[in-house]
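User: I'd like to learn how to read a structural model, one feature at a time. Could you walk me through this one?

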Amino acid sequence: MFPLEAVTTIGGLVLPPLFDLLKKVFVKPGADTPEATLSALATTKPEVLPQFVEAQQRLLQARTLWFNRDVVGQVSPWVADLRACIRPLTVILCMVLLGLGALGGLELAPSVRASLLFMVSSWFGGRLGTGR
């Protein structure tokens, strides 16, 4: 009973930062960024900078249109707010259920308790690696 909970809690805390670290170590960022191109153009061909900036603007607009291709009109504020609060509410609910289980007010199966601990610890673990 206890080892399952300990493994899921430690896994939730360690896996997100470990995944971020492995990404940083093995996936090298490309050196060909728009900023690097702007810097090179500023020193070699400053006369083409306006065309490059215009092209970057059109690219960003095209990507935004593609990303929002299924959105019709403006997203309702309550829908945006609901989507933004799903994860925090889930973590809060997990903490409440764990608290009730610890106080004896609610009987939780070991697998349910392990799942709740994993959800809470993965949320905290995600903040460890990114500093959020």
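User: How much of the chain is buried?

Analyst: A residue is called buried under 20% relative accessible area, exposed over 50%, and partly exposed in between, using a 1.4 Å probe and protein chains only. Here, buried residues account for 14% of the 132 residues in the chain. Please keep in mind that this is a predicted model: local features need pLDDT of at least 70, side-chain atom pairs count only at pLDDT 80 or more, and totals for chains, interfaces and linings use all residues. Residues are numbered from 1 along each chain as its sequence is written, and side-chain values use heavy atoms, with hydrogens and water left out.

User: Which secondary structure elements does the chain have?

Analyst: Helices (H or I, at least four residues) and strands (E, at least two) are DSSP runs, numbered from the N terminus. This chain has five helices and zero strands, giving the pattern α-α-α-α-α along the sequence. The chain is more spread out than a compact globule, because its radius of gyration is 23 Å, well over the 14 Å that the globule rule gives for 132 residues. That radius is taken over C-alpha atoms, and the rule is 2.2 Å times the number of residues to the power 0.38. Along the principal axes, the C-alpha atoms fill a box of roughly 75 × 40 × 20 Å.

User: What can I learn from contacts in the chain?

Analyst: Contact means heavy atoms within 4.5 Å. Among contacts between residues at least 6 apart in sequence, 65% join residues at least 24 apart.

User: Which residues does S121 touch beyond its neighbours within four places in sequence?

Analyst: With those neighbours left aside, S121 is in contact with T8, T9, G12 and L13. S121 sits in helix α5, residues 110–130, and is buried at 3% relative accessible area. S122 is also found in helix α5; at 15% relative accessibility, S122 counts as buried. Again leaving aside neighbours within four places, S122 is in contact with G12, P16 and R87.

User: How do I read an aromatic pair?

Analyst: A pair of aromatic rings is described by the distance of the centres and the angle of the planes. Rings of Phe, Tyr and Trp (its six-membered ring) pair if their centres lie within 6.5 Å; planes under 30 degrees apart count as stacked, over 60 as edge-to-face and the rest as tilted. The structure holds one such pair. W123 and F124 form it, edge-to-face, at 4.9 Å centre to centre with 70° between the planes. F124 counts as partly exposed, at 39% relative accessibility.
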